[in-house]
Amino acid sequence: MRALRRQQLTDVWDELGPWWDEYAETGYETAVRIADLLEQSNDDWEDSDAPFDADPLAADLTGRSVSRGPLRPDGEVAWSRWLAQLLRPSAALVPELFDVTASQAPSEVVREDQLSKEEGTFRRPDLLVFYADRGISIEVKLGDENYQKTSETAALVERQYGDRHWRHALLLPSRKKERLASIVDPPLDHGAGDRPTVEWDDPGPIDVLYWRDVTAAIRALLRRGDVVDEHWAANAYLFCAVAEQRLVGFQPQPAIERLAAPGNVVDTIQPIAFADVLEEQLTYFREVVNL
């Protein structure tokens, strides 16, 4: 700044000002749209068959005080365990999530099974969902970007449990999709389906699943009232609320309301810091409201 004359600084700011105003306005308008959808979603939940009358994002669970909520999963193992608790007793969650037909709950959900490799080492698939004649393996990812081992682990699953037809999934945050695309070989295949796949030679295609897909599936079941019992419903509702705020990065309703009606300069410029997340949240809510 010492190298620039005051007049030069003024000229630069005059050029930057309109761009800044337009960028801030875009974030504000996105927040307003999300706020409207959240209000509509609360009404829809109240009128639905769900055992709860408000959207999971109605409460802020992101704070650092006790108001944050009762559960604070701190890594892939904790999130994998929580997801297993929801998958095991539900006859509806796997079909909703993977678009398969199943009339009963999985016979078993195994975490961290030990699968031996020929050289004496082993791999541990995060989740194995068993049915009588088929199964689904799920690799759970948060920050870990070692995606290449997914195909080897999936191949070991099929070798160990060859009496079943297997489907494989890689579950990760949507913010990692570009990183995934830059790492995996062969490239992601978006095909005609809603979700991309990685077409590895062995064991074959592996579905790419995002955490927002999991929360959207849980939302659909809860709003239909398609729950195992009250305890499962409470567990699923809390999982959805915490995952959307902590893993996906969505803003809860109190934060959205502040952004949609800013009372100070901090609230006015804050949408700029996470504009991409707000856009993703807007797209998500357009899809999940009025399911």
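Start by selecting Leu221, which counts as buried at 0% relative accessibility; buried means under 20% relative accessible area, exposed over 50% and partly exposed in between, with a 1.4 Å probe and protein chains only. The model is predicted, so local features require pLDDT of at least 70 and side-chain atom pairs pLDDT 80 or more, while totals for chains, interfaces and linings use all residues. Residues are numbered from 1 along each chain as its sequence is written, and side-chain values use heavy atoms, with hydrogens and water left out.

**Stop 1: around Leu221**

Leu221 belongs to helix α6, residues 211–224. Helices (H or I, at least four residues) and strands (E, at least two) are DSSP runs, numbered from the N terminus. Display next the residues that Leu221 touches beyond four places in sequence: Ser90, Ala92, Leu93, Glu96, Asp226, Val227 and Trp232. Contact here means heavy atoms within 4.5 Å.

Ala92 is buried, at 12% relative accessibility. Apart from neighbours within four places in sequence, its contacts are Leu221 and Asp226. The C-alpha atom of Ala92 also lies 7.6 Å from that of Ala102, ten residues away along the chain.

**Stop 2: helix α7 and its two partners**

Select α6 together with α7. Their axes come within 10 Å and cross at roughly 145°; axes are lines fitted to C-alpha atoms, for helices over the stretch in contact, and angles run from 0 to 180 degrees between N-to-C directions. The crossing of α6 and α7 is left-handed, a term used if the near helix is turned anticlockwise from the far one by less than a right angle. On the α6 side the contact involves Trp211, Val214, Thr215, Ile218, Arg219, Leu221 and Leu222, and α7 contributes Trp232, Ala233, Ala236, Tyr237, Phe239, Cys240, Ala243 and Glu244. These residues divide into twelve nonpolar, one polar and two charged. Ala, Val, Leu, Ile, Met, Phe, Trp, Tyr, Cys and Pro count as nonpolar, Asp, Glu, Lys and Arg as charged, and the others, Gly among them, as polar.

The α2 and α7 crossing is left-handed. Trp79, Trp82, Leu83, Gln85 and Leu86 of α2 meet Trp232, Asn235, Ala236, Leu238, Phe239, Val242 and Ala243 of α7. By class, the contact of α2 with α7 contains ten nonpolar and two polar residues, with no charged ones.

**Stop 3: aromatic rings**

Show the rings of Trp79, Trp82, Trp211 and Phe239, which ring pairs link into a cluster. Rings of Phe, Tyr and Trp (its six-membered ring) pair if their centres lie within 6.5 Å; planes under 30 degrees apart count as stacked, over 60 as edge-to-face and the rest as tilted. The whole structure holds twelve aromatic pairs. One of them joins Trp45 and Tyr237 edge-to-face, at 5.9 Å centre to centre with 75° between the planes. Trp45 is in helix α1 (residues 6–47) and Tyr237 in helix α7, so this pair ties together parts 192 residues apart in sequence. Trp45 and Tyr237 are both buried.

Go on to Phe130 and Tyr161, an edge-to-face pair at 5.0 Å centre to centre, again with 75° between the planes. Phe130 is in strand β4 (residues 127–130) and Tyr161 in the loop between α4 (149–160) and β6, 31 residues apart. Both of these residues are buried.

Then centre on Tyr131: Arg134 lies over the face of its ring, 5.3 Å from the ring centre. The criterion is NZ of Lys or CZ of Arg within 6 Å of the ring centre and within 35 degrees of the ring normal.

**Stop 4: loop residues**

Select Lys176, in the loop between β6 (165–172) and α5 (177–183). Lys176 is buried, with a relative accessible area of 15%. Beyond four places in sequence, Lys176 touches Leu142, Gly143, Glu145 and Tyr147.

Finish with backbone angles. Most residues other than glycine have a negative phi. Asp99, not a glycine, has a positive phi of about 55°. Asp99 occupies the loop between α3 and β1 (108–111) and is exposed, at 71% relative accessible area. Glu112, also not a glycine, has a positive phi of about 55°; it is found in the loop between β1 and β2 (115–116), partly exposed at 25%.
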